[in-house]
Amino acid sequence: MAGHSKFANIKHRKGAQDKKRGKIFSRLAKEITVAAKQGSPDPADNARLRAAIQAANAENMPKDNIQRAIDKVHGGDGADELEEIRYEGYGPGGVAIIVDTVTDNRNRTASDVRSAFTKYGGNLGSTNAVAFMFDQVGSILYPASSASAEAMFEAALEAGADNVESDEDQHEVTCAPDELMQVRDVLESKFGEPQAARFDWKPQTLTEVDENTAETLFKLLETLDDLDDVQRVVSNFD
């Protein structure tokens, strides 16, 4: 029985990991398709597409999957049906939340997002309800082992970045969104390929929440993140 139980547990964990990986690949493919649709299908001429492919490579997404996502733009395989929609609202404790989605059915997505906010005591707001509390930035991530904090700071400064935050796990370099690829290229020439280079939201201020509020808030954020159409969830909780 012990052997069977252990096997069943391993099988369950592997299934959960495969499901999570499948969701990551799905998100990456959507971002690649949307990026290719909005600009050139050649990553050399499309900064957003280059960032999307970089993120896919960092997750070891197969090259065939990446190419299929790009080809959708010209193959008439549902690319025209995909649209980006941003939802904004407040969670428990007045925490500001931004939910970026890519969907082929805005009614379904709106219903799913609204239901999650309602279930966990949040309120879905209108466009720009909380976006003014965040700055959109380019974010480049490197493992801490790739360079000292001082070396990363000096290289980022030279590349034109706005800020560097280093801890025991990683370095995060932030810059203006339209300078993401330029800064990334300079850093890559010094430290190799980054873990990620992407567009992100950074809160201008943080909202402190107590332990009880945090528990409900985390359930809301997790529920939103698990939705099929959701690409990214950011908030300003402390």
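The following dialogue examines how the terms applied to this predicted model rest on its computed values.

Biologist: What kind of model is this, and how are its residues numbered?

Modeller: It is a predicted model, in which local features need pLDDT of at least 70 and side-chain atom pairs count only at pLDDT 80 or more, while totals for chains, interfaces and linings use all residues. Residues are numbered from 1 along each chain as its sequence is written, and side-chain values use heavy atoms, with hydrogens and water left out.

Biologist: How many helices and strands does the protein have?

Modeller: The protein has seven helices and eight strands; these are DSSP runs numbered from the N terminus, helices being H or I with at least four residues and strands E with at least two.

Biologist: What makes strand S2 largely enclosed by the rest of the structure?

Modeller: Buried means under 20% relative accessible area, with exposed over 50% and partly exposed in between (1.4 Å probe, protein chains only). Eight of the eight residues of S2 (residues 96-103) are buried, so the strand is largely enclosed. In the protein of 238 residues, 40% count as buried.

Biologist: How do you know that both faces of S2 are covered?

Modeller: In a regular strand the side chains alternate between the two faces of the sheet. Ala96, Ile98, Asp100 and Val102 are buried on one side, and Ile97, Val99, Thr101 and Thr103 are buried on the other.

Biologist: What joins S2 to S8?

Modeller: Five bridges join S2 to strand S8 (residues 230-235), and the two run antiparallel. Val234 in S8 is the bridge partner of Ile98, and Asp100 stands opposite Arg232.

Biologist: Why are S3 and S8 described as standing at the edges?

Modeller: The open sheet of four strands has the order S3-S1-S2-S8, with antiparallel pairing. Strand S3 (123-124) and S8 each have a single partner strand, so one side of each is left without a neighbour in the sheet. Helix H4 lies across S1, S2 and S3, running at about 20 degrees to S1.

Biologist: Why are H4 and H7 called roughly antiparallel?

Modeller: Axes are lines fitted to C-alpha atoms, for helices over the stretch in contact, and angles run from 0 to 180 degrees between N-to-C directions. Angles under 35 degrees count as roughly parallel, over 145 as roughly antiparallel, 65 to 115 as roughly perpendicular and the rest as oblique. H4 (residues 106-119) and H7 (residues 211-226) pack at about 170 degrees, with axes 9 Å apart; they are therefore roughly antiparallel.

Biologist: Which residues of H4 and H7 meet?

Modeller: Val113, Ala116 and Phe117 in H4 meet Leu220, Thr223 and Leu224 in H7, where contact means heavy atoms within 4.5 Å.

Biologist: Why are H5 and H6 called oblique instead?

Modeller: Helix H5 (residues 149-159) and helix H6 (residues 180-191) pack at an angle of about 140 degrees, with their axes 9 Å apart. That angle belongs to the remaining class, and the pair is therefore oblique. Their contact includes Ala155 of H5 and Val186 of H6.

Note on methods. Pairing = 2+ DSSP bridges.
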